[in-house]
Amino acid sequence: MGSDEIVIAGGPGPGGMVARRLLERALVDSGLARLHPRHVPSAAALAGEARSPRLVVALGAKAAAELLRRPSSLALERGRVRLGPDGGRVLITEHPSAIFSLADPVARGREYRRLVTDLMQVVAARPVPPTRSPDVPTRRVEVRAAAAAG
């Protein structure tokens with residue numbers, strides 16, 4: 001049985017720190033940052049772990065191919081969750097360095113929004129247990145029926 005962990009797989013790529021900052025911003029904008037995903041440089045880093053993560057986000061075609069153990073096309077599979085060979089789920093999305101390398105600022109913005117939308121799927125699919133604030137006391141309210149005067 002897999003853990004409830006979310007892992008992001010993909011190296012820094014040619015964008016380096018700029019691509020890392022772009023990913024961090026996308027994690028915050030999507031709401032995924034509050035779930036504290038673990039980042040690994042490659043899918044190979046997950047091999048040999050005792051427990052599989054609940055979901056792995058594959059950044060780019062290379063990470064997707066390593067995780068799925070087959071060739072992967074971003075054009076066909078981006079934004080989709082696939083079942084990996086070990087039974088874990090893999091969300092395939094664009095690598096931030098590919099978005100950063102786009103020359104056209106409009107295309108960069110569009111692809112960044114697609115990345116955020118892809119990451120939002122992870123947040124939407126995660127069940128959130130109901131919580132009660134410890135600061136708010138619960139109070140029993142009794143409702144009594146008034147006797148009809150007649």
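What is the volume of the largest cavity?

Guide: Keep in mind that this is a predicted model. The largest cavity comes out at about 70 Å³. Searching the whole structure for cavities of 30 Å³ or more turns up one.

Gly10, Gly11 and Pro12 are part of the lining, along with Ala19, Arg20 and Leu23. Sorted by class, that makes five nonpolar residues, four polar ones and one charged one. Helix H1 is the top contributor here, giving three residues to the lining of the largest cavity.

H1 covers residues 16–30, and its axis comes within 8 Å of the axis of helix H5, residues 105–125. The two axes cross at roughly 50°, so H1 and H5 count as oblique to each other. The crossing is right-handed. On the H1 side, the contact is made by Leu22, Arg25, Ala26, Leu27, Asp29 and Ser30. H5 answers with Tyr112, Leu115, Val116, Leu119, Met120 and Val123. Taken together, the residues of this contact are nine nonpolar, one polar and two charged.

Now for the open kind of space. The largest pocket has a volume of about 320 Å³. It has 18 lining residues, and those closest to its centre are Ala43, Leu46, Leu67, Arg69 and Asp86. Helix H2 (61–68) and strand E5 (89–93) each put at least two residues into that lining. By class, the pocket lining splits into eight nonpolar, four polar and six charged residues.

Key
Residues numbered from 1 in each chain as written. Predicted model: local features only at pLDDT ≥ 70, side-chain atom pairs only at ≥ 80, totals over all residues. Heavy atoms only, no water. 1 Å grid on protein atoms, 1.4 Å probe; cavity = no way out; pocket = protein on both sides within 12 Å on 5 of 7 lines; lining within 4 Å. Points joined across faces, edges and corners; volume = space filled by probe spheres on them. Helix = DSSP H or I, 4+ residues; strand = E, 2+ residues; numbered from the N terminus. Nonpolar A, V, L, I, M, F, W, Y, C, P; charged D, E, K, R; others polar. Axes fitted to C-alpha atoms, helices over the stretch in contact; angles between N-to-C directions. Parallel < 35°, antiparallel > 145°, perpendicular 65-115°, else oblique. Left-handed = near helix turned anticlockwise from the far one by under 90°. Contact = heavy atoms within 4.5 Å.
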